[in-house]
Amino acid sequence: MRSSHASSRAWLKAARCSRPGGHWCSHRCGPITVRATRSGHGAGDAVIGINPASDNLANCQALLVALDEMRQAFAIPTQSCVLTHVTNALALLERGAPVDLIFQSVAGTEAANAGFGVSLSVLAEAHQAGLAAARGTVGQNCLYFETGQGAALSAEAHHGVDQQTIEVRAYAVARAFDPLLVNTVVGFIGPEYLYDGKQITRAGLEDHFCGKLLGLPMGVDVCYTNHVEADQDDMDNLATLLAQAGVSFVITVPGADDVMLGYQSLAFEDIAYLREVTGLRPAPEFARWLAEYGLAGQGAAMLPDAAALARRLGLPA
């Protein structure tokens with residue numbers, strides 16, 4: 001990581017963003033719509049992301065353009081990402097699409113990465129393409145990686161090694177390319193790999209610790225599948241523990257329900273809760289933007305004046 005920041009009022013060692021008006025990251029949210037940005041929960045200061053239902057290039061480009069137009073229209077100090085395969089991102093860059101962050105899932109063995117359709121050489125090509133696009137102004141960290149315990153094991157590509165060790169090897173892959181964000185999707189695969197809420201909690205804290213030990217801008221998608229022995233209380237507990245432990249960011253989605261991928265995560269309002277009980281703050285530039293739009297309150301005061309906000313956004317009151 002090229003730069004780091006430590007503050008009692010910000011997420012520990014968060015990554016420097018690479019967008020115009022960049023900032024120190026604290027979390028990202030996705031999928032997202034303009035409505036989510038208007039909700040008053042202050043989500044999205046690391047990245048506003050969309051997990052596309054289709055990897056069709058025209059569809060992905062349209063989503064990227066829409067996100068970039070929204071970001072520029074309201075001068076939001078963040079960056080956008082459509083979570084499509086790295087080779088699609090390369091093709092989109094060639095088309096001139098506004099690719100802020102190049103996304104890819106990575107794992108800790110060559111065989112598991114081959115299952116994802118990537119190699120170190122492909123990631124290196126993507127890194128160079130992202131740097132050449134020069135979308136950043138305060139940094140050039142242009143990659144966003146996702147990982148998760150059990151990915152190699154589920155593909156029988158773990159070579160008999162325990163899943164936590166393989167997970168840390170994935171962080172070594174990520175670190176080689178100076179990413180902006182590294183996110184462990186901790187409970188995504190299911191009970192075959194993390195059986196219940198206690199194991200998901202343990203794994204989330206393990207991943208956070210190991211990522212920080214390697215100097216990564218480490219975040220967590222605090223999540224579980226519907227067939228695992230866990231519930232939203234477990235996720236609330238893990239999110240609270242991670243906030244106290246200095247996680248760089250967490251994932252939030254509308255209603256804590258990822259309807260496309262079919263698992264439960266955190267909701268936008270969970271960010272408001274974590275900030276209120278811990279005293280943590282959004283990225284400084286993003287906090288100023290929230291204040292400008294009347295979204296910077298705490299608790300009940302966080303709800304904006306809907307009519308005033310609509311006028312500010314140029315929408316019908």
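Let me begin with burial: a residue is called buried when its relative accessible area is under 20%, exposed when that area is over 50%, and partly exposed in between, using a 1.4 Å probe and protein chains only. By that definition cysteine 223, at 0% relative accessibility, counts as buried, and cysteine 142 is buried too, with a relative accessible area of 5%.

Please keep in mind that this is a predicted model, in which local features need pLDDT of at least 70 and side-chain atom pairs count only at pLDDT 80 or more, while totals for chains, interfaces and linings use all residues. Residues are numbered from 1 along each chain as its sequence is written, and side-chain values use heavy atoms, with hydrogens and water left out.

Staying with the cysteines, a disulfide is taken as a pair of cysteine sulfur atoms within 2.5 Å, and by this rule the count is zero.

Now to the aromatic residues. Rings of Phe, Tyr and Trp (for Trp, its six-membered ring) pair if their centres lie within 6.5 Å, and planes under 30 degrees apart count as stacked, over 60 as edge-to-face and the rest as tilted. Searching the whole structure gives five aromatic pairs. In one of them, phenylalanine 188 with tyrosine 263, the ring centres are 5.1 Å apart and the planes stand at 65 degrees, so the pair is edge-to-face. Phenylalanine 188 sits in the loop between β6 (181–185) and α8 (197–213), whereas tyrosine 263 belongs to strand β11 (residues 263–264), so the pair ties together parts that are 75 residues apart in sequence; helices here (H or I, at least four residues) and strands (E, at least two) are DSSP runs numbered from the N terminus. Phenylalanine 188 is partly exposed at 34% relative accessibility, while tyrosine 263 is buried at 5%. Elsewhere, Phe286, Trp289 and Tyr293 make up one aromatic cluster.

Which residues of α7 and α8 meet? With contact meaning heavy atoms within 4.5 Å, Gln164, Glu167, Val168 and Tyr171 in α7 meet Glu206, Asp207, Cys210 and Gly211 in α8. The axes of α7 (residues 163–175) and α8 come within 10 Å and cross at roughly 40 degrees, where axes are lines fitted to C-alpha atoms, for helices over the stretch in contact, and angles run from 0 to 180 degrees between N-to-C directions.

Finally, aspartate 68, in helix α2 (residues 57–73), is buried, with a relative accessible area of 7%. Leaving aside residues up to four places away in sequence, aspartate 68 touches Pro98 and Arg135.
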